[in-house]
Every structure is written in C-alpha cells, then in structure tokens.
Amino acid sequence: MRVSHLIFRAVLAALGATFVVTVPAAAQTHVDVVPYVGLYVPTASMVTGNSSGFQPVTQQATFALGARLTVWLPSGLSIETTFGYAPSSVNSAATYDCCNAAHVFIASNRILVPVVVGGPVLLRLGGGLGLVAHGGRAYIHTGGATALAGVASGGLAIKLYESRLTLRLDAEDYVFKPDLSAEPGCDRGGYTGVCGHLMRSTGYKSPLQNDLVLSAGLALSPGGH
C-alpha cells in the first residue's frame, strides 16, 4: 500500500511537471507518445550476503514494458517523462520458492540534449530524476523498497523513410541506494520474502544500484522529428 501510494504521487508529479512545460509553449512544441518494449537488467544485489552463509538478494533480468511522453521544445531540447514495468522476481535462494515473486516500477523525468543531428538520425543524451519501486509477494513487510534515483540516458531517434514514424532505441541507467528493513508483521522464518531474510541476517548492506533499461519503441512524430 505504501509503495502504491508513492508511485501514485510520483506519477502525478511527473504529469504535472510535463503539463507546466507544455501548456505555456503549446504553439511552439509538440508531443510524442512512445510505447516501448525492452530489457530490464539489475547489475547489483539488493542485499549482500554475509559470513553466515545467507545468499544475497538479487533481482532477475527480465523484459520491460513502458511508455515515454516526450515534449519537443523549439530549442531542440526535449523534456521526457518515462514509465515502465518489469516482472522481475527475487532469487529463490534468498527468499524460498514460495515468496520470491516480485516486480519493479520505474519512472523518470529527464532533459534530453541533442548531440548529433545528421540526416534521419538524432542522438540525444539525457539526465534527470526518477523513482524505482520494488513490490510484490517478496517485498511484503519490507520497508525502503522504493527509492529516488538519478537517471542518465542515451538514445537514437531514427526517422523511417518518408513517414512520420520514428524508431527509438534507448538505454537508461537508474542509480539509487535502497534502505531495506523488516517492518512489523514480518515472519522471521522468511516466508514473507525479503523481510525474513533481513531478520535472519546480520551485517547486511544494500549496495548502490545500477538498474539498466534497454528498449526499443516506435513513435508517431507529427512535428517531423
């Protein structure tokens, strides 16, 4: 419930920020909506293992689905809001087979800067702030599973032939540090997933995370980008 509330607030804030940018400059901007499919790749353990033999808690690499809302400005800069979902479960060695089902929601607001413009290809680098929220069966009674993230991105926008369709190839890196903890109601035996693992472990740490999202999407670009 806590994670869902935080996600809802982040979505409202992101949409609000986009609205503020779009409305005053409506005559000079246009908006692209880009659904995407991709790959979600976590590169670090959510919780380290320890000398007692407890396994680290890791998320699994899996497919990702999402969408981008891109506001093009007259200067060539873009403001982009991104939402995504990955059904990434936790390794069962740390949480038991019963309790490792999980998912990850990601969201971000970024400024995109054009670096190279040549023919139908546009290269853009971006940076901004995001949110990474872990949820599902594995994270019941676990605090700190939602964290603010710094986001860096790079991507190609390739205009297809003479149409208004644009192929988007993007790579995003979400950098964040979770602060996981067991909350009241957690089963020490581990049958509530990650929180039980934390209660049984000593000296565990939540390392800095780098979650990658590699994606491809197709945009209708009415402004000719």
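The disulfides here follow the pattern 1-2, 3-4, counting bonded cysteines along the chain. A disulfide means a pair of cysteine sulfur atoms within 2.5 Å. Searching the whole structure turns up two of them.

A word on the source. This is a predicted model, where local features need pLDDT of at least 70, side-chain atom pairs count only at pLDDT 80 or more, and totals for chains, interfaces and linings use all residues. Residues are numbered from 1 along each chain as its sequence is written, and side-chain values use heavy atoms, with hydrogens and water left out.

Take Cys-98 and Cys-99. Their sulfur atoms sit 2.2 Å apart. The S-S torsion of Cys-98 and Cys-99 is about -65°, so this disulfide is left-handed. Now burial: buried is under 20% relative accessible area, exposed is over 50%, and partly exposed lies in between, using a 1.4 Å probe and protein chains only. Cys-98 is partly exposed, at 46%. Cys-99 is buried, at 0%.

Next, Cys-186 and Cys-195. Here the sulfur atoms are 2.1 Å apart. The S-S torsion of Cys-186 and Cys-195 is about 100°, so that disulfide is right-handed. Cys-186 is buried, at 15%. Cys-195 is buried too, at 0%.

On to the strands. Strands are DSSP runs (E, at least two residues), numbered from the N terminus. Two strands pair if DSSP finds at least two bridges between them. Which order closes the barrel? Eight strands do it, as E1-E2-E3-E4-E5-E7-E8-E10, with antiparallel pairing. One example: E2, residues 62-72, pairs with E3, residues 78-86, antiparallel over eight bridges. There, Leu-65 stands opposite Tyr-85 in E3.

Definitions and conventions
Helix = DSSP H or I, 4+ residues; strand = E, 2+ residues; numbered from the N terminus.
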